[in-house]
Amino acid sequence: MTSSVSSPGSQFLSLHLLETLVAVLPVRDENGAPKSIVYGGTERHMITSQARRRAERVHTRNRANAGIGALAGRGTGTRTREWALITARALASEHGWEPEEAVRTARAVIEATGLKFGDPGKKTVANLTKVLLFAPSDAGARIAAHIEEQAGTVRAWAEAYTAAQAAAAAASAKKKGGRKNATPEEADGGDLAEGAAGTGADASAAEAKLPALPAATRAAVLLALAPRDAIDIALYGRFLAEIADSPNVDGAVQSSHAFTVHEAEQVDDFYAAADDAKLDRKRSPKPQEKTALDFLDAADDAGAGMTGYQSLITGTFYRHAVLDRLKLRRNLRAAGMTEAEAEEASVAAEAEFVTAFVDAFPEAKKNSTASTGSLPALVLAFEGERPYNYAAAFQNPIDENPVGGGGGGGEGPAGPAAVKRLLKHHAFVSGRRPDIKAGRVLTYDPQIDELLGTLKDTGALAVTSAEELTA
């Protein structure tokens, strides 16, 4: 494959975004409450970078799989614990294996490669890996194809492997049962340490008796799970400690947590859900026969079937991300691409990353808050020889009291005030950092667009599409 694109300019592309969200809850803590941080001496609402990164990654993958955008048709990854089940489905649907044997064999092969699985006594997690594994989406199909190709060898190995596992489990259960009958004197005596050591040795011996996965099969699994041509793995990276010889990837994208540019304000919204059947009975104009439900209607005259509270947040958020163009190209080269292929893929990946940064949004409570329809008030993009984070522009929270008003003279609504602060901060910094160049701004807010026309020396050129944010 050849490439007609030019090499990138500066190493880092910095992106800064301001967005106003109303009555939403994109992320929650372990108690179901909005996440927050204290910055500049005041509490701020926070949307974690993890939530944003997943939304961006899924947005990119879905567009590529649908044949849309710069990465149309290119390989992407899937992060899941279900690789054994995915492989088993491919064995059953594409190669005609019996489902039970397919699951048993797929799990054994992947487990013997080095991944640990959930408790075999719990059906819900028995065939799920203990950790999420981010691998190319076709990894399961590739592993299944190899198993089918080497069916005779793999079947014989899998039978021996599962039999050895069962024998080890039975021996372990027997030993545990014997220890339950130990006398108090034995339990408190010096033989306890020896018994524990013996148990550990027996476990190691049982583990050692498990037949090793055939070398060709292990190599095929490692190749299937390797990053290969999955563009989103090169962008966002992955960490896999369980298999030492499966490559980890230090992602090319750095993301910060988003936070409100003003003090946090939270609303605990009381909600009531109506019981349709109950209300329909009450409103029916026709007399109905008495039923066993009549006494409930008499005892409870309320229309609500259930009630509760949900926390909602409102505010203008600042968020930031940076793309290391050099790292992206190195990741793609390390995954097996030629220099020309890596260059072409990197340019496409950059375009899609910017699009996802602008458009993607976490989907929590999307149906009740329409949060995914939000558009940025401002996006600022520029190049540099190092990353630049402008969070310091909002260390002092914006005072939304009217300018010169009775509240002491604030900055007015947070959206326009934040735009002024951000662009003023950028103009100041870019005047002192000669490596900053190619500044561009995009807005989807007509009021902000008018405001941009009144600002001078912003250090950025106004554009009308996300595609124009990169030089």
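Modeller: Here are notes on a pocket and then a helix.
Modeller: This is a predicted model, where local features need pLDDT of at least 70, side-chain atom pairs count only at pLDDT 80 or more, and totals for chains, interfaces and linings use all residues. Residues are numbered from 1 along each chain as its sequence is written, and side-chain values use heavy atoms, with hydrogens and water left out.

Colleague: Which residues lie nearest the centre of the second largest pocket?
Modeller: H262, G315, T316, E400 and A414, out of 21 lining residues.

Colleague: And which element gives the largest share of the lining?
Modeller: Strand 9, with five residues. Helix 15 (414–430) and helix 16 (446–454) also give two or more. Strands here are DSSP runs of E, at least two residues; helices are runs of H or I, at least four; both are numbered from the N terminus.

Colleague: Take T316. Buried or exposed?
Modeller: Buried, because its relative accessibility is 3%. Buried means under 20% relative accessible area, exposed over 50%, partly exposed in between (1.4 Å probe, protein chains only). T316 sits in strand 9.

Colleague: New topic. Which residues of helix 12 are buried?
Modeller: R325, L328, R329, N331 and L332. They are on the same side of helix 12, because they cover an arc of only 160 degrees around the axis (directions from the helix axis to the C-beta atoms). On the other side, R330 and A334 are exposed.

Colleague: What caps its N-terminal end?
Modeller: D324 does, with a side-chain oxygen 3.2 Å from the backbone nitrogen of L326.

Colleague: And just after helix 12, which residue takes a positive phi?
Modeller: G336, at about 115 degrees.

Methods. On a 1 Å grid over the protein atoms alone, a cavity is a set of points where a 1.4 Å probe fits but cannot get out, and a pocket is an open set with protein on both sides within 12 Å along at least five of seven lines; lining residues have an atom within 4 Å of a point. A polar contact is a pair of N or O atoms within 3.5 Å; within protein, one must be able to donate a hydrogen and the other to accept it, and residues adjacent in sequence count only if both atoms are side-chain atoms.
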